[in-house]
Amino acid sequence: MKEQNHGKLKRDFKSLYRKILLASVVVAIVGIALIYFMVDPSLSAFKANEPDTEIVDMPVEDDFDKIENGIHSRTGFIDAPGMTETIQNCTNCHSSKLVIQNRMNAERWKTTIKWMQETQNLWDLGENEAVIINYLVTNYPPKKVGRRAVLTDIEWYQLEE
Amino acid sequence: MKRRNFVAKSSLGGLAALLGVDIVYKNVMPAGYTPVALQDSDPFKLFKKDKGMVVLNDKPWNIEAQAHLLDDRVTPNKSIFIRNNGLIPEEIDVEKWTLTIDGESVQQEKTYSLAELKSKFKHHTYQLTLECGGNGRSEFDPPAKGNQWTIGAVYCASWTGIRLRDVLEDVGIKDDAVYFGYHAADVHLSRDPTKEPISRGAPMSKALKDETILAFKMNGEDIPLAHGYPLRVIAGGWPASVSGKWLQRISIRNIVHDGTKMTGTAYRVPCKPVAPGEKVADEDMCIIESMPVKSLITYPKSGATLSKGKKLNIRGHAWAGELEVSKMEYSIDFGATWNTCVIEKPANRLAWQHFSASISFPQEGYYEVWAKATDANGVSQPMLLPGWNPKGYLNNACHRIAVKIA
């Protein structure tokens, strides 16, 4: 009888112990969650695709001159003979974007280079001048648009008023 | 959101750590001023621009709006184009910032602190239209050299400052004064300290106009860094390059100012009309003064689809350089017939004017709504490109949007 009582007590105690342990674990988990929520109310750490304000693209050394689909990733230039000379001589002062958006024939590029040499401290391009001009007129030729082009790339949408 | 704010707030401290130096005037740095060390990060965050703005060039920064981003009556900073000829100044200390008036035609050279300018002279606020001389350049054939602006290099903000005339009266100007020219703190692309990226100006008649001001506020706040903080010339109605940013010095000249981008072909068009692609000698190029009449449909955005029977309410702005816009029309049949729009008077001289119209379409199909403004002299916008010029300036051809009735 005594033995039995003792066994029952032991079981009761074990059950109580398990309940207390379970309760503590629950309190601890809720507590940790609450503390985390106080630190990071938007739970931003769980939003993997939300860009952080301070992320700045840094060129990785290996990819510095990466070519993707025939385009030089860093500058946007078309990968073709003369591209390297163009990057080396034409992107020190201004962006490659200024080169790419301009469409000129050889004569006008020559005039532009001369203007940059006279007013913008561009150096003598030597043999590279012909290489660069050839690259530009081959890959970025002027397009005929006439006196007024048709509207293109229209993004149609339903107008709700 | 809280965490992101925290990151944004701490970024200056982070920057100081990154640069290995403390930012001495961190606490007096104005809101919106971003140290130049950050110049190569996201331009939309850096300059607080709308995501719909288009970056034409990132060195130097050249960013333009799209028509539908310019719908506000007074343009907010987020939709204002950026046109830089050089690099944004790297050190701006407003406490030490001065403006010097010099040149052949001043009685004596005089220097003012920024605080002096603000306290000594009466403040004026005007809505003033600024448009890049090369706005619309992308449409010229053969293509013209330079940033290929489409339609978004124009805006009308509210500027607060002092009249240039008041300052010049205080300095004393000689009778032989012909032109004013500005000098600024921006840095030449080659970083050559002996070169100025741009130093333009205007004849004395423009300098002495009521609305030609030295501004220190845009839309009621400090001028954003990219737009000329802490002091800028504003000469509305003329190529925006006359409105020099980061102003440090004004020279009163006894000749037409010969600073950078005043000579050669810069901001000049052929004095006589030329054929497309024709070569023009420098001496046959004339300085652009007032900008031509022009307009933009800012609502709806191009590409609107409506159901049959519904009316389309359009609106936008029109401006005409030194002049007022006297008439505004629209056409939905490529100029075969024109209908009148309601056009408001400008808030003040040189402010753009708002127009609106309610359009009915006869049947289903594809339409273009074309807008045409006419200035006080009876001169209208052309539907085709205006006269070709080597540098692609002054394209004031009618703006149009595509509409579909389904």
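A cavity here is a set of points, on a 1 Å grid over the protein atoms alone, where a 1.4 Å probe fits but cannot get out. Searching the whole structure for cavities of 30 Å³ or more turns up one. This is a predicted model, with local features needing pLDDT of at least 70, side-chain atom pairs counted only at pLDDT 80 or more, and totals for chains, interfaces and linings using all residues. Residues are numbered from 1 along each chain as its sequence is written, chains are lettered from A in the order in which they are written, and side-chain values use heavy atoms, leaving out hydrogens and water.

The largest cavity holds about 230 Å³, the volume being the space filled by probe spheres set on the points, which are joined across faces, edges and corners. Its lining (residues with an atom within 4 Å of a point) runs to 21 residues, with B:Arg83, B:Arg232, B:Ala240, B:Ser241 and B:Lys245 nearest the centre. In chain B, β3 (82–83) and β8 (179–184) each put at least two residues into this lining.

As for chain A, it has five helices and three strands, taken as DSSP runs (helices H or I, at least four residues; strands E, at least two) and numbered from the N terminus. Along the sequence they come in the order α-β-β-α-α-α-α-β. Of the chain's 161 residues, 23% are buried, that is, under 20% relative accessible area with a 1.4 Å probe, protein chains only. Take the contacts (heavy atoms within 4.5 Å) between chain A residues at least 6 apart in sequence: 49% join residues at least 24 apart.

Technical notes. Buried means under 20% relative accessible area, exposed over 50%, partly exposed in between (1.4 Å probe, protein chains only). On a 1 Å grid over the protein atoms alone, a cavity is a set of points where a 1.4 Å probe fits but cannot get out, and a pocket is an open set with protein on both sides within 12 Å along at least five of seven lines; lining residues have an atom within 4 Å of a point.
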